[in-house]
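Please open the structure in your viewer and keep the selection tool at hand. The tour below moves from one selection to the next and says what is found at each stop.

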Amino acid sequence: MKSLRFVLSVVLVSLSTAFAQSDAQKPVAQSDAQKSFDTMKTLAGSWKGQVTTVPQEAAIEGKLMQVSFRVTSMGNTLMHEMTGAGRPDDPITMFVVDGDRLLLTHYCDADNRPRMVGKMSPDGKTVEFDFLDVAGNLQYGHMQHAVFTIIDAQHHAEEWTFMVPGGKQPVRAHFDLQRTK
């Protein structure tokens, strides 16, 4: 009887160890936020292209823009920096996964920091960001919406919507960008 109990104990311990190991070997499902972030990280590199605006904004309409994406912070952050011909500033946007959300924080030349939450389209080519909140100066307006569409490895488009104060029509800026490296 003692030997039977011993054998059963060994079998139970062996089975529980085997199940624990098989569970540990199963891949952990990636969250939608992480999938969206990984898609955004494929944009790492340098880009250039023209901007068009609706309604037209003479200060930037048709200008050549340069965009760089850099993965940083041990792969946990994506930095987006944009410069334009004849513009002294370079707004910076940071992307991070925060729990189950992909967050964008835009450090705007309008002296504020809007945050947006991103979701990937079903086809996996577009990540769209909706407004969450904003901190800082709202005197000149703030970014409200952003869309990043990956056309192929050498071409992507960005659409940024800027809310103008005083109930004026928002300005939409579309960037058609080609990879330079």
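**Starting inside: methionine 40**

Begin by selecting methionine 40, which touches Phe69, Leu78, Phe95, Leu102, Val127, Phe129 and Phe148 when residues up to four places away in sequence are not counted; contact here means heavy atoms within 4.5 Å. Before going further, note that this is a predicted model, in which local features need pLDDT of at least 70 and side-chain atom pairs count only at pLDDT 80 or more, while totals for chains, interfaces and linings use all residues. Residues are numbered from 1 along each chain as its sequence is written, and side-chain values use heavy atoms, with hydrogens and water left out.

Methionine 40 is also listed with Phe69, Phe95, Phe129, Phe148 and Trp160 as the residues with the most contacts inside the largest nonpolar core, which has 29 residues. A nonpolar core is a set of buried Ala, Val, Leu, Ile, Met, Phe, Trp, Tyr and Cys residues joined through side-chain atoms within 4.5 Å, where buried means under 20% relative accessible area, exposed means over 50%, and partly exposed lies in between, with a 1.4 Å probe and protein chains only. The largest share of this core, four residues, comes from S8; strands (E, at least two residues) and helices (H or I, at least four) are DSSP runs, numbered from the N terminus.

**The aromatic cluster**

Next, select Phe69, Phe95, Phe129, Phe148 and Trp160, which form one aromatic cluster. A search of the whole structure finds five aromatic pairs; rings of Phe, Tyr and Trp (its six-membered ring) pair if their centres lie within 6.5 Å, and planes under 30 degrees apart count as stacked, over 60 as edge-to-face and the rest as tilted. One of these pairs is the tilted pair of phenylalanine 95 and phenylalanine 129, with 5.6 Å from centre to centre and 55° between the planes. This pair links distant parts of the chain, since phenylalanine 95 is in strand S4 (residues 92-98) and phenylalanine 129 is in strand S7 (residues 126-136), 34 residues apart.

Is phenylalanine 95 buried or exposed? Phenylalanine 95 counts as buried because its relative accessibility is 0%, and phenylalanine 129, at 0% relative accessibility, counts as buried too.

**The barrel around it**

Switch to a cartoon view and follow the 10 strands, which close into a barrel in the order S1-S2-S3-S4-S5-S6-S7-S8-S9-S10 with antiparallel pairing; two strands pair if DSSP finds at least two bridges between them. Helix H2 (residues 32-41) packs on the sheet, touching strand S2 (64-72), strand S3 (77-84), S4, S5, S6, S7 and S8, and its direction makes about 145° with that of S4. Axes are lines fitted to C-alpha atoms, for helices over the stretch in contact, and angles run from 0 to 180 degrees between N-to-C directions.

Strand S6 (residues 112-120) runs antiparallel to S7, and nine bridges join them; lysine 119 stands opposite glutamate 128 in S7. The hairpin of S6 and S7 has five residues between the strands, and glycine 124 there takes a positive phi near 75°. Five bridges join S7 to S8, also antiparallel, with phenylalanine 129 opposite alanine 146 in S8. In the hairpin of S7 and S8, glycine 141 in the turn has a positive phi of about 110°.

**Stops in the loops**

Now select valine 54 and proline 55, which are joined by a cis peptide bond with omega of about -15°; proline 55 lies in the loop between strand S1 (45-54) and S2. In the loop between S2 and S3 you will find methionine 74, whose phi is near 60°, a positive value in a residue other than glycine. Methionine 74 is exposed, with a relative accessible area of 84%.

**Last stop: strand S9**

Finally, select threonine 161 in strand S9 (residues 155-163), which is buried, with a relative accessible area of 6%. Its contacts, not counting residues up to four places away in sequence, are His142, Met143, Gln144, His145, Pro170, Val171 and Arg172.
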